Amino acid sequence: MITVVIASYRYGHLAAHCIESLLSQTSPPSRILFVDDGGMDCGHLPSLYPDIEYILRPKNLGTVNNFQDMLSRVETEYVLFIGADNWLRSDSIELLSMATTDIVTYDIVVTGELKEEILTRVPGETRPHLGDLYWDRQAQHHGSMMYRTDFGQRVGYQRRFEHVGHPQEDWNLWDKMLEQGATVASLKEGLLFYRRHRENFLKYGEQIVSPDVEMSQ
């Protein structure tokens, strides 16, 4: 019983890929919720994919409030949030449905036009993988970990540090769940395709690294 929440803000041009990756799962999620947090560029999706549920916000709530509101709407045993610019491998939900722990993490394949940026962001943590970069996240946090819904609802999405630019709301959830005794399992599988692209940098003001940066071994 897994709900997947697809979160978008100015990713309307990429969101169909994410939706397709969920609709093509070998074992489909129980529920798919799509939220556009005021980006106003996803209005074309309901007619293309009418079988999923949409919240198309006219105003931006911000990441923490948006995620907290979406979490409050989930009723299944487990929930997983994914950015609309990313996508899941086709057997991800099937593998994740075997979970018995409070949190399940898994590995990431970093892809996209600006994937080499990850080499400076987390130096030494990735390795080449079929033209992309493989990021081992065993027993480690990432923004699309799956977690037990009622446990997550008790903790809630919050800012990890009040006085930093990025709210790091996923980190707060991870930290507080572990503090309260959450059990964790890790799948040694690259299930999430994490797309690094121009819109990431346009929104957050990050420095764009040239795609021809030499990959470290």
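## Salt bridges across the chain

Glutamate 53 is partly exposed, with 36% relative accessible area. This is a predicted model, and glutamate 53 makes a salt bridge there with arginine 31, 2.7 Å from N to O. Arginine 31 belongs to strand β2 (residues 31-37) and glutamate 53 to strand β3 (residues 53-57), so this pair ties together parts 22 residues apart in sequence. Arginine 31 is partly exposed as well, at 21% relative accessible area.

That's one of 15 salt bridges in the structure. Another joins arginine 137 to glutamate 125, with 3.7 Å between the closest N and O atoms. Here the two partners come from loops: arginine 137 from the one between β8 (132-135) and β9, glutamate 125 from the one between α5 (118-121) and β7 (126-129), so the bridge ties together parts that are 12 residues apart in sequence. Arginine 137 is buried at 7% relative accessibility, while glutamate 125 is partly exposed at 39%. Then there's a network of salt bridges, which links Asp37, Arg57, Asp69 and Arg73.

Now for helix α7, which covers residues 169-179. Its buried residues are Glu169, Asp170, Asn172, Leu173, Trp174 and Met177. What lies over them? The cover includes α3 (63-72), β6 (103-111), β9 (146-148), α6 (149-155) and β10 (184-195).

Aspartate 175 forms a salt bridge with arginine 160, and their closest N and O atoms are 2.8 Å apart. This pair links distant parts of the chain, with aspartate 175 in helix α7 and arginine 160 in the loop between α6 and α7, 15 residues apart. Arginine 160 is partly exposed, at 28% relative accessible area. Just past the end of α7, glycine 181 adopts a positive phi of about 90 degrees.

## One face of α3

Helix α3 is part of the cover over α7's buried residues, and it has buried residues of its own: Val64, Asn66, Phe67, Met70 and Leu71. Looking down the α3 axis, these fall within an arc of 165 degrees, so they line one face of the helix.

## Rings and charges

The structure has six aromatic pairs. Tyrosine 147 sits in strand β9 and tyrosine 157 in the loop between α6 and α7, so the pair ties together parts 10 residues apart in sequence. Tyrosine 147 is buried at 1% relative accessibility, and tyrosine 157 is buried at 4%.

Arginine 127 lies over the face of tyrosine 134, 4.4 Å from the ring centre. Arginine 154 places its charged end over the ring of phenylalanine 151, at 4.7 Å from the centre.

## Cysteines without a partner

How many disulfides are there? The count is zero. For cysteine 18, the closest cysteine sulfur is that of cysteine 42, and at 11 Å it's too far for a bond. Looking from cysteine 42, the closest cysteine sulfur is in cysteine 18, again at 11 Å and too far for a bond. Are these cysteines buried or exposed? Cysteine 18 is buried at 0% relative accessibility, and cysteine 42 is buried at 1%.

How values were computed:
Residues are numbered from 1 along each chain as its sequence is written. This is a predicted model: local features need pLDDT of at least 70, side-chain atom pairs count only at pLDDT 80 or more; totals for chains, interfaces and linings use all residues. Side-chain values use heavy atoms; hydrogens and water are left out. Buried means under 20% relative accessible area, exposed over 50%, partly exposed in between (1.4 Å probe, protein chains only). Helices (H or I, at least four residues) and strands (E, at least two) are DSSP runs, numbered from the N terminus. Contact means heavy atoms within 4.5 Å. Rings of Phe, Tyr and Trp (its six-membered ring) pair if their centres lie within 6.5 Å; planes under 30 degrees apart count as stacked, over 60 as edge-to-face and the rest as tilted. A charge sits over a ring if NZ of Lys or CZ of Arg is within 6 Å of the ring centre and within 35 degrees of the ring normal. The arc is that of the directions from the helix axis to the C-beta atoms. A disulfide is a pair of cysteine sulfur atoms within 2.5 Å. A salt bridge is a side-chain nitrogen of Lys or Arg within 4 Å of a carboxyl oxygen of Asp or Glu.
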